[in-house]
Amino acid sequence: DGASKPAAGGDVLGAKDAAELLAAAEHKAKQLDWSGAIADYRRLIAGKQLLRQAYLGLAKAAREDGDVDGAIAAATSALQFGAGVPARKLLGSAYLKKGDYGAARTQYERVLADHPDDREAAAALDATLEKLGLPPRTR
């Protein structure tokens, strides 16, 4: 019938299958089924579809599942596929959780350089600066 099948062994997913798999992964994440979400995001990545969303979702799920290094790797890949600010915030959060306050600071400062009114990034940067023993940023 010519329909694409879900990724197995690196086969490319069709657009419809990829959209359905992304929706399933996001639903699992909302249900706090991190391992299920992670598996679906990895299938999307293996299927070479919706890579920005897949890597971003994988980063969030990995961070929530306690895999900080996996979150950092996935968020870094998400950046390469254009995820921008959300990926930088995830990187900052993961680095903060890992205790790499300098790397967290760098990510939050990069967000604020382009989006100075981002309250979430500003609060996270101030918390990071506190961990570094530095005063909060001047506004």
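Predicted model: local features only at pLDDT ≥ 70, side-chain atom pairs only at ≥ 80, totals over all residues.
Residues are numbered from 1 along each chain as its sequence is written. Local features here need pLDDT of at least 70, side-chain atom pairs count only at pLDDT 80 or more, totals for chains, interfaces and linings use all residues, and side-chain values use heavy atoms, with hydrogens and water left out.

Start with helix α4, residues 68-80. Helices are DSSP runs of H or I, at least four residues, numbered from the N terminus. The end C-alpha atoms of α4 are 19 Å apart, which agrees with the 18 Å that its 13 residues should span at 1.5 Å a residue. That expected span is 1.5 Å times one less than the number of residues. Which residues of α4 are buried? V68, A71, I72, A74, A75, S77 and A78. Buried means under 20% relative accessible area, exposed over 50%, partly exposed in between, with a 1.4 Å probe and protein chains only. These buried residues pack against α3 (51-64) and α5 (84-98), with contact meaning heavy atoms within 4.5 Å. Just after α4, G82 takes a positive phi of about 90°.

Next, helix α7, residues 119-131. Its buried residues include A121, L125 and D126. The buried residues of α7 pack against α5 and α6 (101-114). Just after α7, G133 has a positive phi of about 75°.

Last, the aromatic rings. Rings of Phe, Tyr and Trp (its six-membered ring) pair if their centres lie within 6.5 Å; planes under 30 degrees apart count as stacked, over 60 as edge-to-face and the rest as tilted. The count comes to one aromatic pair. Y55 and F81 are stacked, 5.7 Å centre to centre, with 15° between the planes. Y55 sits in helix α3 and F81 in the loop between α4 and α5, 26 residues apart. Y55 counts as buried because its relative accessibility is 17%. F81, at 41%, counts as partly exposed.

Notes:
Helix = DSSP H or I, 4+ residues; strand = E, 2+ residues; numbered from the N terminus.
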